[in-house]
Amino acid sequence: MTHSRIIGLGYYVPNNIVTNNDLTEWMETSDEWIQERTGIKERRYFEFGKDTNYSMATAASRQALERAGLTPDDVDVIVYATITPDYFFPGSAFLMQRELGMAGKPVIDIRQQCSGFVYALSIADQFIKSGMYKTALVVGSEIQSSWIDKSTAGRNTAVIFGDGAGAAVLQATSDPEHCILSTHLHADGNFAEDLYVRDPGSSRAGRAVTKEMVEEGGFNVIMNGNAVFKHAIVRFGEVINEALSANGYSPEDINLLVPHQANIRISDYVRQQMGLAENQVINNIQRFGNTTAASIPIALAEAWEMGKLKDGDLLCLAAFGSGFTWASALIRW
Ligand code: COA
């Protein structure tokens, strides 16, 4: 039977560090409030003229490919998750494919918000398991800093988000001891407007983009923070347990949990719920904030760099985000 294995990880974050104190220049907030409620100390914002969504994804992908000992020619398919693409269409996967010199190879752009990377991983995993492709490049990349409202009116979301990209190379293997064991995907559109950006979209009468929209704030991120928090702490636990029981494991079998970096309080709650020690959960939200689809692959790549991914370890990825969406992947490293 064919499985897929992660054989290379990479990430890129912009050089531009924006601290909590830097944010006080634009909005009424404080380092203390942000750290206490979210755990975030600083995040990265892209530098115009240097970073774009696809350029960051390309840098992360090149690093992942190099670490896998492969070149872009070896890749059969790109699955690219982002909610902040370079263009409205076509998606950023096309731009990255062009940059990597892979014309003719299929690319798939998906959204799925903060669960985007786990969804993308699952899609690539199914392609490989079915035998359709042997090698896949899975990417999450976001430029959130140009979408958020940095005035006091937008402070409940603006302080959370940051920019960055992460990538993983998946390859077919027949080794059941070193592979993705299973992935689990969920969504509930009943909560679509609890975390969303309305415009530009076709929900409007007349033109999809108007001058009035800017004044109405249609381009801003709207978030019901309490609803997101309440659902996240339940869904994270559920989807982790689903992955464990699908494979005959329980929480004490987990070596490492890499959760989506939504909020340190959510992550701590899930860690305690699962009975895991602090060093069994990767948290880098302090330095990068919430980078949406990029947060899990960045955290995973950092974990690998720190030597925290050991041969045979049971690794769990878990995500929750807008949609609502929630998802997990259980991996034997
Ligand atoms: N700085 C200072 N004060 C702020 C602030 C900021 N950046 N943002 C909000 N506040 C204020 C509010 O105006 C409110 O003031 P009031 O009591 O005078 O009305 C007060 O802080 C409490 O606001 P509230 O929204 O109830 O705070 P909270 O404790 O729920 O924390 C979040 C807000 C966003 C940090 C929290 O809801 C959260 O983390 N939710 C999950 C978000 C998330 O993970 N999103 C990503 C999904 S993947």
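Student: How far is a polar side-chain atom of arginine 37 from an oxygen atom of the ligand?

Tutor: That distance is 2.5 Å. Before we go on, this is a predicted model, where local features need pLDDT of at least 70 and side-chain atom pairs count only at pLDDT 80 or more, while totals for chains, interfaces and linings use all residues. Residues are numbered from 1 along each chain as its sequence is written, and side-chain values use heavy atoms, with hydrogens and water left out.

Student: OK. And what about asparagine 226 and asparagine 263, how far are their polar side-chain atoms from a ligand oxygen?

Tutor: For asparagine 226 the distance is 2.9 Å, and for asparagine 263 it's 2.4 Å.

Student: How much of the ligand does the protein bury?

Tutor: The protein buries 72% of the 970 Å² that the ligand exposes when taken alone. Those areas come from the Shrake-Rupley method with a 1.4 Å probe; for residues, only the protein chains shown count as cover.

Student: Which elements give two or more residues to the shell around the ligand?

Tutor: Helix 2 (31-38), helix 6 (155-158), helix 8 (225-246) and strand 12 (314-321). Helix 8 gives the most, with four residues. Helices (H or I, at least four residues) and strands (E, at least two) are DSSP runs, numbered from the N terminus.

Student: How many residues surround the ligand, and which are the closest?

Tutor: There are 23, and the closest are Thr29, Arg37, Arg155, Asn226 and Asn263.

Student: How do the shell residues divide into nonpolar, polar and charged?

Tutor: The shell has 11 nonpolar, nine polar and three charged residues. Here Ala, Val, Leu, Ile, Met, Phe, Trp, Tyr, Cys and Pro count as nonpolar, Asp, Glu, Lys and Arg as charged, and the others, Gly among them, as polar.

Student: Which domains does the shell draw on?

Tutor: It takes at least three residues from each of domain 1 (3-176) and domain 2 (180-332). The domain bounds come from an automatic or database domain assignment.

Student: Switching to cysteines: how many disulfides are there?

Tutor: Zero, with a disulfide being a pair of cysteine sulfur atoms within 2.5 Å. For cysteine 114, the nearest cysteine sulfur is that of cysteine 316, 17 Å away. For cysteine 316, the nearest is that of cysteine 179, at 14 Å.

Student: Is cysteine 316 buried or exposed?

Tutor: Cysteine 316 counts as buried because its relative accessibility is 0%. Cysteine 114, at 8%, is buried too. Buried means under 20% relative accessible area, exposed over 50%, and partly exposed in between (1.4 Å probe, protein chains only).

Student: Which side chains does histidine 260 make polar contacts with?

Tutor: One is serine 295, at 2.6 Å, and another is asparagine 290, at 3.4 Å. Histidine 260 sits in the loop between strand 11 (256-259) and helix 9 (264-274), and it's buried, with 3% relative accessible area.

Student: Why is helix 11 described as largely enclosed by the rest of the structure?

Tutor: Because nine of the 11 residues of helix 11 (residues 295-305) are buried. Among them are Ser295, Ile298 and Glu302. Just after helix 11, glycine 307 has a positive phi of about 75 degrees.

Student: Last one: where is proline 90, and what is the peptide bond from phenylalanine 89 to it like?

Tutor: Proline 90 is in the loop between strand 4 (77-81) and helix 4 (92-99). The bond from phenylalanine 89 is cis, with omega near -5 degrees. The bond from glycine 323 to phenylalanine 324 is cis as well, with omega near -10 degrees.

Note on methods: Near = heavy atom within 4 Å. Polar contact = N/O pair within 3.5 Å; in protein donor to acceptor, adjacent residues only side chain to side chain.
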